[in-house]
Structure formats: C-alpha cells, structure tokens
Amino acid sequence: MADEAADPRSRFSAETPFSYRCARCRRCCHDKLIQVNPYEAARLARNRGISTTAFLRDFLEGSVYLRRRDDGACVFLGDEGCTVHADRPLVCRLYPLGRHVLASGEVNFSRLEPHSHSEGVFGREGTVTGYLASQNIERFVAAADRYLALLSRLNRVWWGSPNELDGEGPEDDAGFPELMDLDRAVAQYCTEQGAPEPLDIEERMRLHIASVEQWLDANEAGS
Ligand code: SF4
C-alpha cells in the first residue's frame, strides 16, 4: 500500500499516520521564507524585549518575513538551534507539515519537502494530531485563523478582492490601519478609548483586531 504521508503531494487528515524526529542539524532553518502574522511578531518582539515597531525594523524583510542572514540562515538561528524556541511562529511548529484551510473551512495537511541534507527522520509511529499536540500550536492556530479572517475582510473592503493583497488599493490610503505594528496600533486604540493598555498578549491581539474591525466598519458604513 502506498505511504500517503511520505508523498509530499498528498493532502492528509489529522488521523493520517505520521511522525517526525528532528535531529537538530539546523539545516531546515535555512533558505525558508518564514511569514509571521501580527500576533507572532508581537510574541517574538516580546521575546527580544523590544516593541513591535523595532521588531519590524530590525527582524523582518518584505514586511512579513523573518530576515535571513547572508548564508540563508534565519535571523533567529543560533549555534544550539532556534533562539526563540518558546515563541517560534506557527509554520516552524508545524514543520515539516503544512496546514491548509480550505474555503469550506475544512483543514488538511501536507508534508513539506525537507532540506535536501536534513537529518530529520520521518516515520509512521503516531498521527498528524499527535505530532501537532507536541508542538503547542493552539494559540498560534487561533491567531492565524483570526488574522486570516481579518485579512480577507480587509481585502474585500480595501482592494475589492477576497483573496489578493497584490492588487492596487485606493490612491488615498490615509487612515489605513497599521496591520503588523501591533504595539503601535494597540497604544493608539487604547488612547482613543481612554483605556489602559493590557499586558497580556492575547488581550493585546484582541484589541488589535478590534481596532482594525472598527476601521473596517467605518469604511463600509461610508462606502
Ligand atoms: S524561528 Fe526558529 S525554528 Fe523558525 S526558522 Fe527561525 S530559527 Fe528556525
């Protein structure tokens, strides 16, 4: 019988037999575009003890990707492995799996192609569910799904498209909400609301999303 989980082209379910043992060879942290959402940027910024404003400036390239060094290594890769392990983004937690949310809301997974010299070991001892449970992904998945829904609405309102970010937006972008700089957006929102800024990062995410939704509500009401 063909091994479904061994085929990188396969999409498989939470119960598909799957296991992966990282050999800490560090090769998989090279030459990858690691995209982060505002929640992940805020966690990484806090891990570094800086604001998201400084984080965007110093650790991102192309606005949403973790910066890479000249040798292709992720900016957070150290001699012993990931230096931000407790706050690593969702894609790093899922790896070597990819998570796909379909238009129907169904979620499935694929096996990503590992680095050609990776020493990681694939197997069938567990299931996809078991592997993901070991990676503490719940908060990261919840954040990813919330920002995906927000981005979809933002695209509809701003670009007139449900899926694309690469279209031309309106010429006058005054008032366009700050998407990635969560700390700045939350500070501004709390000032406007006359409320103290919460420290809890999940609560800060909730306010960030509320601030963007408030802007979207105003734009939809005025259109
Ligand atoms: S954040 Fe950590 S796990 Fe993810 S690519 Fe960078 S070094 Fe590797």
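I call a residue buried if 20 or more other C-beta atoms lie within 10 Å of its own, exposed if 12 or fewer, and partly exposed in between, with C-beta atoms placed from the backbone. With 19 C-beta neighbours inside 10 Å, Ile209 therefore counts as partly exposed.

**Ground rules.** I am working with a predicted model, where local features need pLDDT of at least 70, side-chain atom pairs count only at pLDDT 80 or more, and totals for chains, interfaces and linings use all residues. My residue numbers start from 1 along each chain as its sequence is written.

**Overview.** I looked up the elements and found seven helices and nine strands in the protein. Helices (H or I, at least four residues) and strands (E, at least two) are DSSP runs, numbered from the N terminus. Of the 223 residues, 24% are buried. Among contacts between residues at least 6 apart in sequence, 65% join residues at least 24 apart.

**Ile209.** I found Ile209 in helix 7. Leaving aside neighbours within four places in sequence, Ile209 contacts Arg146 and Leu150. Arg146 is 63 residues from Ile209 in sequence, yet the two C-alpha atoms are 8.3 Å apart.

**Helix 1.** I went to residues 38–48 next: eight of the 11 residues of helix 1 are buried, so the rest of the structure largely encloses it. Those buried are Pro38, Tyr39, Glu40, Ala41, Ala42, Arg43, Leu44 and Ala45. They pack against helix 2 (52–59), helix 3 (90–94), helix 5 (138–158), helix 6 (182–193) and helix 7 (201–222). After helix 1 comes Gly49, with a positive phi near 75°.

**Helix 1 on helix 7.** I noted an angle of about 140° between these two, with axes 10 Å apart. Axes here are lines fitted to C-alpha atoms, for helices over the stretch in contact, and angles run from 0 to 180 degrees between N-to-C directions. That angle makes helix 1 oblique to helix 7; under 35 degrees counts as roughly parallel, over 145 as roughly antiparallel, 65 to 115 as roughly perpendicular and the rest as oblique. On the helix 1 side, the contact uses Pro38, Tyr39, Ala42, Arg43 and Arg46, and on the helix 7 side Ile201, Arg204, Met205 and His208. By class I get five nonpolar, one polar and three charged residues in this contact. Ala, Val, Leu, Ile, Met, Phe, Trp, Tyr, Cys and Pro count as nonpolar, Asp, Glu, Lys and Arg as charged, and the others, Gly among them, as polar.

**Helix 1 on helix 2.** Here I noted about 95°, with the axes 9 Å apart. That makes helix 1 roughly perpendicular to helix 2. Ala41, Ala42, Leu44, Ala45 and Arg48 of helix 1 meet Thr52, Phe55, Leu56 and Phe59 of helix 2. This contact has seven nonpolar, one polar and one charged residues.

**Ligand.** Which residues surround the ligand? I listed Cys29, Lys32, Ile34, Leu66, Cys74, Phe76, Leu77, Cys82, Val84, Arg88 and Cys92, a residue being near a molecule if its C-beta atom, placed from the backbone, lies within 6 Å of it. The shell has nine nonpolar, no polar and two charged residues.

**Cys25.** My last stop was the loop between strand 2 (17–21) and helix 1, where Cys25 sits. Cys25 has 13 other C-beta atoms within 10 Å, so I put it down as partly exposed. Ser118 and Glu119 touch Cys25, not counting residues up to four places away in sequence. Cys25 and His117 are 92 residues apart in sequence and 9.0 Å apart from C-alpha to C-alpha.

Definitions and conventions:
Two residues are in contact if their C-beta atoms, placed from the backbone, lie within 7 Å.
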